[in-house]
Amino acid sequence: MAGETPITVIGNLVQDPELRNVGKGTVCDFRIASTPRTYNRTSQQWEDGSTLFLTCSAWDSQYQTLASNIKATLSKGMRVIVQGNLTSRSYTAQDGSQRTVFEIHVNEIGPALSRATAVVTRAGGAGGYGNGANGYNGGANAQRGGYSGGARGGYGSNAPAAAPAAQPAPTQDVWGVESQGAQSFGSFGHSGSSDAGSGDDEFSAGVDF
């Protein structure tokens, strides 16, 4: 949305993701800790900087199951890459003080593969990559221009276009038949044509130029 600050953060989950059902739908909340590391040339060692803790939230929608996928995939301690919009929220603490927290509304998230491996499983729900209602490959709406299997302009249509109907062969070669009238092309260039020298302006007369 306009006015929001896009951000990408790499960090470790400090807790297991929590899935909740609220009025707007299903949301997944979790926190990550991002610690920058710099190389000290004097000591020739890597040193950790101040850790930044961020609260993250992701939502399920009719097009994706992001919140549910996070809960099913990620757990405490995993290193992740989070992309989303940075927001701030102010509230009153129990001691009466005003506090401000920064949160990320997550658009995309995945495990960092620099220190781990992962097995990717395509999810099928509405708008899923696989066989969902708006799926990338063979979904229900793929018949209306889907990437694969689209009968109405799909990229890889499973319904090939019908071959054009074969045209019947002519009963005779019209170019090889002698002229039988003023409109025929059969006598063009024949000096013996009966139309030669008739005085007509017809193009098919056998006139020698």
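Tyr91 sits opposite Arg99 in β8, in a predicted model where local features need pLDDT of at least 70, side-chain atom pairs count only at pLDDT 80 or more, and totals for chains, interfaces and linings use all residues. Residues are numbered from 1 along each chain as its sequence is written, and side-chain values use heavy atoms, with hydrogens and water left out. Strands here are DSSP runs of E, at least two residues, numbered from the N terminus, and two of them pair if DSSP finds at least two bridges between them.

β7 (residues 79-92) and β8 (residues 98-111) run antiparallel over 13 bridges. Their hairpin has five residues between the strands, and Gly96 there adopts a positive phi near 90 degrees. On β7 there is also β1 (residues 5-13), antiparallel and joined by eight bridges, with Asn12 partnered by Arg79. Another hairpin comes from β4 and β5, with four residues between them and Gln44 in the turn at a positive phi of about 55 degrees.

As for charges, the whole structure holds four salt bridges (a side-chain nitrogen of Lys or Arg within 4 Å of a carboxyl oxygen of Asp or Glu). Arg99 is partly exposed at 40% relative accessible area, while Asp95 is exposed at 56% (buried means under 20%, exposed over 50%, partly exposed in between, with a 1.4 Å probe and protein chains only). Glu103 and Arg89 form another salt bridge, at 2.9 Å between the closest N and O atoms. This pair ties β8 to β7 across 14 residues; Glu103 is buried at 15%, whereas Arg89 is partly exposed at 40%.
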